[in-house]
Amino acid sequence: MVGSKMGANISQLERDIGSDQFPPNEHYFGLVNQFGNTCYSNSVLQALYFCKPFREKVLEYKARNKRTKETLLSCLADLFHSIATQKKKVGSIAPKKFIARLRKEKEDFDNYMQQDAHEFLNFLINHINEIILSERPQKSKNGDGDGGNSTPEPTWVHEIFQGILTSETRCLNCETMSSKDEDFFDLQVDIDQNTSITHCLRCFSSMETLCGDNKFKCDHCSSYQEAQKCMRVKKLPMILALHLKRFKYMEQYNRHIKVSHRVVFPLELRLFNTSDDAVNPDRMYNLVAVVIHCGSGPNRGHYISIVKSHDFWLLFDDDMVDKIDQSAIDDFYGLTSDIQKSSETGYILFYQSRDTTETNINEAKVNGK
């Protein structure tokens with residue numbers, strides 16, 4: 001019964017896309033939900049697979065590392081390679097080895113509970129980056145000065161996801177401006193009702209006054225002073241991952257609740273909250289994937305993802321894959337009422353820089369495997 005159902009879905013997807021429209025060398029494979037609780041992982045993996053620069057680097061890693069000890073990155077590379085080399089165009093695959101390795105690597109994921117997709121994304125990107133750094137040949141410290149304290153060359157994870165935020169603080173007593181940079185792999189933004197991503201990013205970088213118990217210690221004044229502070233984007237990443245903070249702790253309920261506010265995320269995005277010395281402030285982004293939370297709370301519900309592949313959109317719901325109209329994206333903006341009920345809302349957005357091409361990726365300065 002299950003087999004015939006899957007067969008019907010597979011053939012239906014190919015019919016929906018059309019044999020003449022089906023992209024060459026592309027495969028659309030759903031991921032089987034392991035033990036009924038791995039949709040948080042499946043939805044993020046699908047989104048990342050359709051972030052082309054990331055997929056290319058993972059497959060390149062697989063090609064370069066024929067014999068390597070098993071890591072979460074090697075398991076991810078095996079999974080991506082398996083999808084990319086399937087004989088069929090559509091179908092489903094069980095990411096058993098990846099999930100087993102994930103559970104070995106981090107205790108938080110070694111259970112049968114629903115997990116947070118953003119926490120998983122954050123762990124995965126950082127962990128992959130650490131694996132790449134650990135597998136690099138150890139450089140000799142001779143002639144290297146202190147060696148141990150030198151900043152390592154960026155990895156391809158940095159090249160793809162890393163941006164830089166600059167925190168600008170102006171002392172209101174002496175007018176001295178100080179700034180401090182910090183790296184990010186994704187931006188976490190607060191949301192308001194009936195707004196847009198652009199509005200949320202403007203609020204993210206709005207001016208904040210530091211006063212009272214929160215005064216700023218000014219080096220120039222050698223004392224705590226009132227100050228104005230704002231966070232702006234100094235380096236725009238190749239792929240901008242935006243995490244909408246949809247789970248909020250409410251004291252009256254003594255738990256986190258879901259914030260289902262309607263937040264419009266456009267197909268094209270430009271950041272206006274950039275610093276004056278930003279390298280590429282006019283960079284334009286295209287929406288390529290969205291991880292969607294379905295349900296009413298953080299530890300319950302379900303995750304799915306929508307991705308853009310070539311000129312059309314697909315919805316991945318674990319092992320099920322469907323073609324959807326672009327207009328259906330509106331359904332995932334959120335609810336206009338504040339009534340607490342189940343909703344299907346965009347949770348993590350992936351925007352890819354429009355100037356990203358395969359040439360850019362291949363020529364990017366990467367060090368190590």
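User: What makes two strands count as a pair here?
Analyst: Two strands pair if DSSP finds at least two bridges between them. This model is predicted. In it, β3 (residues 163–171) and β4 pair in the antiparallel sense over eight bridges. Eight against a cut-off of at least two: β3 and β4 are therefore a pair. As one example, S167 has K180 in β4 as its bridge partner.

User: What is the strand order in the open sheet of four strands?
Analyst: The order is β4-β3-β10-β7, and the pairing is antiparallel.

User: Why do β4 and β7 stand at the edges?
Analyst: β4 (177–184) and β7 (208–210) each have a single partner strand, so one side of each lacks a neighbour in the sheet. From one strand to the next, the twist averages 30°.

User: Why are helices α2 and α4 called roughly perpendicular?
Analyst: Look at the angle. α2 (residues 39–49) and α4 (residues 72–84) pack at about 65°, with axes 12 Å apart. Roughly perpendicular covers 65 to 115 degrees. The pair is therefore roughly perpendicular. Their crossing is right-handed.

User: Which residues make that contact?
Analyst: α2 gives L45, L48 and Y49. α4 gives L76, L79, F80, I83 and A84.

User: How do you know whether the contact of α2 with α4 is nonpolar, polar or charged?
Analyst: Sort its residues: eight are nonpolar, none polar and none charged. Leu, Tyr, Phe, Ile and Ala count as nonpolar.

User: What makes a residue of α5 buried, and which ones are?
Analyst: Buried means under 20% relative accessible area. In α5 (residues 96–105), the buried residues are F98, I99, R101, L102 and R103. They pack against α2, α4 and α6 (117–134).

Conventions
Residues numbered from 1 in each chain as written. Predicted model: local features only at pLDDT ≥ 70, side-chain atom pairs only at ≥ 80, totals over all residues. Heavy atoms only, no water. Axes fitted to C-alpha atoms, helices over the stretch in contact; angles between N-to-C directions. Parallel < 35°, antiparallel > 145°, perpendicular 65-115°, else oblique. Left-handed = near helix turned anticlockwise from the far one by under 90°. Contact = heavy atoms within 4.5 Å. Buried < 20%, exposed > 50% of the residue type's maximum accessible area, 1.4 Å probe, protein only.
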